[in-house]
Amino acid sequence: MVYDMIKTVLQAEQLARQSEEEARQQAQAILESARETAASLEEAALSQAQNEAKLILSEAQYTADGLLKQANKLADLREKKVIADTEKRYDEAIRLVLDHLTD
């Protein structure tokens, strides 16, 4: 009878050890899966951040190019206006020179 009780306790201990080992293996598998998921999420977040940075850079370049084109057009228009204003004064300048020469 004592033998049966000791045998039962030993079997329970062995079952507990087996359960503990199974639990440890499951915990290890869960931990490994969590690490893989975290690495995957980190990689996805990094990729998304890089893509957003490229997009921002592209938009900035596009804006800078547009501003440069607008500045060049404005400079051309101002140059043409100055030339046109100067041409309008040619007649007056010639008249003044002729008036001065005839005096």
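What follows is a short chat about a predicted model of one chain.

Trainee: How many residues has helix 1, and how far does it reach?
Mentor: Helix 1 has 101 residues. From first C-alpha to last it reaches 147 Å, close to the 150 Å expected at 1.5 Å a residue.

Trainee: Where does helix 1 bend?
Mentor: At Tyr90, by about 35°. Tyr90 also belongs to a nonpolar surface patch, together with Ile94, Val97, Leu98 and Leu101.

Trainee: What is the area of that patch?
Mentor: About 530 Å². Ile94, one of its residues, lies in helix 1.

Trainee: Why might residues a few places apart point the same way?
Mentor: An α-helix has 3.6 residues a turn, so residues three or four places apart do that.

Trainee: Changing topic, what percentage of the chain's residues count as buried?
Mentor: 0% of the 103. The accessible surface of the chain is about 9800 Å², and carbon and sulfur atoms hold 60% of that.

Trainee: Where is Ala49, and why does it count as partly exposed?
Mentor: Ala49 is in helix 1, residues 2–102.

Trainee: What separates the C-alpha atoms of Ala49 and Glu36?
Mentor: A distance of 20 Å, with the two residues 13 apart along the chain.

Terms used. Residues numbered from 1 in each chain as written. Predicted model: local features only at pLDDT ≥ 70, side-chain atom pairs only at ≥ 80, totals over all residues. Heavy atoms only, no water. Helix = DSSP H or I, 4+ residues; strand = E, 2+ residues; numbered from the N terminus. Patch = residues over 30% accessible without salt bridge, like charges linked within 9 Å, V, L, I, M, F, W, Y side chains within 5 Å. Areas by Shrake-Rupley, 256 points an atom, 1.4 Å probe, with all protein chains shown as cover. Salt bridge = Lys/Arg side-chain N within 4 Å of Asp/Glu carboxyl O. Expected span 1.5 Å × (residues − 1). Bend = angle between axes of the 7 residues up to and from the residue. Buried < 20%, exposed > 50% of the residue type's maximum accessible area, 1.4 Å probe, protein only.
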